[in-house]
Amino acid sequence: MAAVREPSVKTLPLSHFLRKPGERSLLRFTTAGSVDDGKSTLIGRLLHDTRSAYEDQMEAVKSSPINRASGPIDFSLLTDGLRAEREQGITIDVAYRYFSTPRRAFIIADTPGHEQYTPNMVTGASTAEAAVILVDARKGVLAQSRRHAMIAALLGVSELAVAVNKMDLMGYSQAVFEEIAGQFRELAPKLRGARLTFIPVSALEGDNVAERSARMSWYEGPSLLEFLEQVEPARGASSGPFRFPVQYVIRPRDGFRGFAGRIVSGALKTGDPVLEFPSARQTAVSRIVTFDGDLEEAIAPMSVTLTLEDEIDVSRGSLLASPAAGPHFGRHFEANTVWMSTEPLERGKTYLLRHGPHEVQARAVSIRHAIDIETLEAKPAETLGWNEIGLVAWETSQPLAYDLYGQVRGNGAFILIDPLSNRTIAAGMIEAAASDPLGLRRSRSPAVFRTGRLTPAERAARSRHTGALILADTTSAAAQLLERRLFEGGAEVVLLDTPVQPLEPLLRAGLIVIAPHGSSCRGFPALCMPEASGGTEIEGQVSEMLDQLREKAVLQDRDQYEAGEGI
């Protein structure tokens, strides 16, 4: 049974220990990786070796009847606090732990590795500035390891420490470590510029966790704690443009109307001009109100109440932003989407999109690509399944004031909700603004996302034509060429070899039906194409037929449909 080594305390100046907590920088980091890679054990060991676990916690762990470790202490119990987690020996929910060293304070998000708990991993990594990706030295880089690394990179985590764990079970082999590091380096170009640091560790034995290990003298890099103390996270939210999503309108008495929320980006002083979205009206901040009194200045991520100099319409879901660096404003954008539902993504289906406190209807217009989790390469896709990641073009029913996720994380992310079950089914990070993919003139008014039966106007807006009957010799070359010309133009067309009655259901569905002579219909345009023979005559007859369809307003340009009719 391995003994638990007490950490040695380095000699530090007294000023380090007397430094106030506010004077130490704060780093938020998350753990990630596949099942049983040792994430919770690593965090428990880190808490133990930095003397951040309280005595009563250690006594409870030592006296616990559950111990799946080979040593006297199961360090995973310091973070796995749920009964189901201890019974099964797995992490289910996100566990947040806090500790500090003389150099820095830390907030850890210990996330689960099971595929069905990927949403919890996304939650933990969404606020992280660094991530520790664990890899079991016995198993190498697994699909879940790659998935978590990709999700962390998409979420803007720029510092990734790849901790090759359980080196004690592989005899502290340098060759094993180098092989796994090589596998992960092949993924580096796909991780959006994230910096990789490789550290061989043994969470159970404490090697290279808080201190460098003498058992791996061949390793010359930092220990995990040294990495976390030295890493420089990306610029904080306070350095970005001002963004303030309004969460609540406060009016406790006559004469006071304040707008409560959290500053997700930037800084604000009294008197600063702001733009209100969606109206794009400009006003200025008259007061910054808090429970402890008014402030002259506030920065992200403070929660405050703002009052404005002008009486303008501001409600929950409105956004106050800097006029000097305004957000994007529109209904179309592309977003990296992590699909977290067992039901696949359906293009055209209406979902609820929650962007901060603002909730609108949305649908997927197209799927640009999905990510092959084995290679992290983009691949063509028609849908996204459970735990798949892809770039999706989204359309919302109302314009959103949004930023690109890489510029303002707090205003560039959203979640999707199933309107029937109210379950969160996806998380999205906005990658780029997009133009209206259908070219419709919908900016005049918000689109209407309907949930009932499709109407003829909706079908016409999608296919650019109404239902119509064309009588012809369906065995002739002219009829067959007409069908092909309509099809190549994007029309929904069908050629019937034999008479079919009634035709009205097909016509109500918006189809152009080419049927044999003698067919009939009620309530829809019916045109007759004379028989044709000869190559040039056939082309002429088809062109004439297409002209007649336009004259009868069967074929129409998209711009003839107003906002909302095609949705």
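1. Let's start with Thr 101, which counts as buried at 7% relative accessibility (buried is under 20% relative accessible area, exposed over 50%, partly exposed in between, with a 1.4 Å probe and protein chains only). Thr 101 is found in the loop between β2 (95-100) and β3 (104-110); helices (H or I, at least four residues) and strands (E, at least two) are DSSP runs, numbered from the N terminus. The side chains of Thr 101 and Glu 229 are joined by a polar contact of 2.7 Å. Here a polar contact is a pair of N or O atoms within 3.5 Å; within protein, one must be able to donate a hydrogen and the other to accept it, and residues adjacent in sequence count only if both atoms are side-chain atoms. Leaving aside neighbours within four places in sequence, Thr 101 is in contact (heavy atoms within 4.5 Å) with Arg 24, Phe 106, Leu 225 and Glu 229.

2. A word on the ground rules. This is a predicted model, in which local features need pLDDT of at least 70 and side-chain atom pairs count only at pLDDT 80 or more, while totals for chains, interfaces and linings use all residues. Residues are numbered from 1 along each chain as its sequence is written, and side-chain values use heavy atoms, with hydrogens and water left out.

3. On to α7 (residues 174-185), where Val 176, Phe 177, Ile 180, Ala 181 and Phe 184 are buried. They cover an arc of only 130° around the axis, which puts them on the same side of α7; the arc is that of the directions from the helix axis to the C-beta atoms. The buried residues of α7 pack against β4 (130-136), α6 (143-154), β5 (159-165) and β6 (195-200). On the face turned away from that buried side sit the exposed Ala 175 and Glu 179. At the start of α7, a side-chain oxygen of Ser 173 comes to within 3.3 Å of the backbone nitrogen of Ala 175.

4. Helix α5 (residues 118-125) has Thr 118, Met 121, Val 122, Gly 124 and Ala 125 as its buried residues. They span an arc of only 165° around the axis, which puts them on the same side of α5. Their packing partners are β1 (25-33), β2, β3, α6, β16 (328-339) and β22 (424-433).

5. Now the strands, which pair if DSSP finds at least two bridges between them. β17 (residues 351-355) and β18 (residues 358-371) run antiparallel, joined by 5 bridges, and form a hairpin with 2 residues between them. Gly 356 in that turn has a positive phi of about 65°. β18 is also joined to β20 (residues 389-402) by 7 bridges, again antiparallel, with Ala 364 bridged to Trp 394 in β20.

6. Last, the rings: Tyr 351 and Trp 394 form an edge-to-face aromatic pair, 6.4 Å centre to centre with 75° between the planes. Rings of Phe, Tyr and Trp (its six-membered ring) pair if their centres lie within 6.5 Å; planes under 30 degrees apart count as stacked, over 60 as edge-to-face and the rest as tilted. Tyr 351 lies in β17 and Trp 394 in β20, so the pair ties together parts 43 residues apart in sequence. Tyr 351 and Trp 394 are both buried.
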